Amino acid sequence: MTPQRTKERHTVRSTGYPRLLAFVTSLSVTPIQPEGLSRNRTVGSRVIKDASLSFTPTSVRPGAPALSRVAVISANETPWGGSEELWQRAALALASRGLRVDVYKARLPLDIAPVARLRDAGCRLHDLARPLGLPMRLFGHISFLSRPFALLLLMTRLTLGLLLRRPDFVILSQGGNWDGLHFGSLLLRLKIPFVLVSQKATEFYWPPDHLSDRVLKLYQGCVHAYFVSEHNKRLTEVQLGEALRSASVVRNPFLVFYDAVPGPLPPGDTVDLACVGRIYPMEKGQDLLIQLLAKEKWRNRPITRSEEHTSELQ
């Protein structure tokens, strides 16, 4: 049976950013245990369809007013990637509710569609790699010659931004599970409540011994820690040597139904398959696909390989 398809082709089906949005706007800090994968959840007067946990609304600061200023900090220094989609959509949703949203990220590409949507929604964009308006290429040279000095520039730019803009709450997004350490330590020192979003955890990237205690304090000091898979959450707890008191899983945005199943194969001898992702076998695993296709049963089948590369993000 072919699953029903959405009328709007590019509607995003995600259990992640509505839940992250609900968490931030309600200042929720106390997680409760899941009651199974419910398709409907009420946030205020709005019913959100997802399969996430729910939270008990409590205040980050007792007696504090409702949120009005939220900052998003991305620790990922590559211009843009899949790890940016979750916080970007959360930022758009927060801005649509009338909150002031500031985005801090190094090497922020201003000429791509996702960033243009942030700007059009009224989000303030701050490129950490361009202090005093310096060219981005200059920061690349500085980072190559002296990583500590490049980090000092990033931290100085972020510190000034936080002190001037004074956010009530921060979403700190990490490309891994501890690369936001320096930014998070700054938030702890400034006593700004924040949630952590960790997009990756791998067995071959561990926090080094001289930083492990600081990474643990980062997770202990955040309001809540989000991971994009159960594996990443469990592995991070192993790497930290401690169970996280306030942590759960959210799902990254994607363009199909959450419970979709593959439909019947089309008639004929041709089936088109796609492997989407940048060519980076260490993390994306294209080598596994090649090893599979090298098996005899696949070598004896008529297979045509094609490649499509694009630098445009729509």
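Me: How many aromatic pairs does the count come to?
Reply: This is a predicted model, where local features need pLDDT of at least 70, side-chain atom pairs count only at pLDDT 80 or more, and totals for chains, interfaces and linings use all residues. Residues are numbered from 1 along each chain as its sequence is written, and side-chain values use heavy atoms, without hydrogens and water. Rings of Phe, Tyr and Trp (its six-membered ring) pair if their centres lie within 6.5 Å; planes under 30 degrees apart are stacked, over 60 edge-to-face, the rest tilted. By this rule, the aromatic pairs number three.

Me: Which type of pair do Phe 204 and Tyr 205 form?
Reply: Their ring centres are 4.9 Å apart. The planes stand at 65 degrees, so the pair is edge-to-face.

Me: Is Tyr 205 buried or exposed, or partly exposed?
Reply: Buried means under 20% relative accessible area, exposed over 50%, partly exposed in between (1.4 Å probe, protein chains only). Tyr 205 has 32% relative accessibility, so Tyr 205 is partly exposed.

Me: Which type of pair do Tyr 219 and Phe 227 form?
Reply: Tyr 219 and Phe 227 are both buried. Their centres are 6.1 Å apart. With 5 degrees between the planes, the pair is stacked.

Me: Which residues is Thr 236 in contact with, leaving aside neighbours within four places in sequence?
Reply: Thr 236 is buried, at 1% relative accessibility. Contact means heavy atoms within 4.5 Å. Leaving aside those neighbours, the contacts of Thr 236 are Asn 177, Ala 201, Tyr 219 and Phe 227.
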